[in-house]
Amino acid sequence: MHTILSLVLAGLFTLSCCVNAGAQNSKKPPVRLLKYTTSLPYTVQTVSVRIGCFPPKLRAVLAHIAAKTGRRPIVTSGHRPHSGRAHSQHRHCNAADIRVPGLSERTIIAAAQTAPGIGGIGRYCNGIVHVDVGPKRRWSHC
């Protein structure tokens, strides 16, 4: 009897949560993401990653990496207008930090090196690769 009562109460609680969640969601305005996110050759790690100002040249670099690797890069960091580094390409929306699940940094870097218009390519120890369309340079912070 106690088990049945517990199941009934759990069911009522679940139903109550679903009804309340639906009521709360109906009051909130919908979150608007980029208009063409499903057709982009790359994706973002979170909705807070700023990619809306990427110039065509940087979008082409990311598309090239996607075509070369057969996988969509995930942008982990894009436009950072208040970046701590004075000459950061992130400040000018000319850079993206990316990762491609299932691929090594070497594979991502090899694809990036053949991209038309590529500028800087950097490697970080956590598997993130930096690509930008600024001056040509290479580095590894590992």
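**Close-up views of a predicted model**

Cys93 is buried, its relative accessible area being 3%, where buried stands for under 20% relative accessible area, exposed for over 50% and partly exposed for values in between (1.4 Å probe, protein chains only). The model is a predicted one, in which local features need pLDDT of at least 70 and side-chain atom pairs count only at pLDDT 80 or more, while totals for chains, interfaces and linings use all residues. Residues are numbered from 1 along each chain as its sequence is written, and side-chain values use heavy atoms, with hydrogens and water left out.

**View A. Cys93 in the loop between β2 and β3.** The loop that holds Cys93 runs between β2 (74-77) and β3 (95-99), with strands (E, at least two residues) and helices (H or I, at least four) taken as DSSP runs and numbered from the N terminus. Phi of Cys93 is near 65 degrees, which is a positive value in a residue other than glycine.

View B. Strands β3 and β5 (residues 129-132) run antiparallel and are joined by four bridges, and Ile98 stands opposite Val129 in β5.

**View C. The aromatic pair of Tyr42 and Phe54.** The structure holds one aromatic pair, and because the ring centres of Tyr42 and Phe54 are 6.3 Å apart with their planes at 45 degrees, the pair is tilted (centres within 6.5 Å make a pair of Phe, Tyr or Trp rings, the six-membered ring being used for Trp; planes under 30 degrees apart count as stacked, over 60 as edge-to-face and the rest as tilted). Tyr42 lies in the loop between α1 (2-27) and β1, and Phe54 in the loop between β1 and α2 (56-69), so the pair ties together parts that are twelve residues apart in sequence. Both Tyr42 and Phe54 are buried.

**View D. Lys136 in the loop between β5 and β6.** Lys136 is exposed, with a relative accessible area of 62%. Leaving aside residues up to four places away in sequence, Lys136 touches Ile118 and Gly119, and a polar atom of the Lys136 side chain lies 2.9 Å from the backbone oxygen of Ile118. Between Lys136 and Gly120, 16 residues apart in sequence, the C-alpha to C-alpha distance is 5.0 Å.

Conventions:
Two strands pair if DSSP finds at least two bridges between them. Contact means heavy atoms within 4.5 Å. A polar contact is a pair of N or O atoms within 3.5 Å; within protein, one must be able to donate a hydrogen and the other to accept it, and residues adjacent in sequence count only if both atoms are side-chain atoms.
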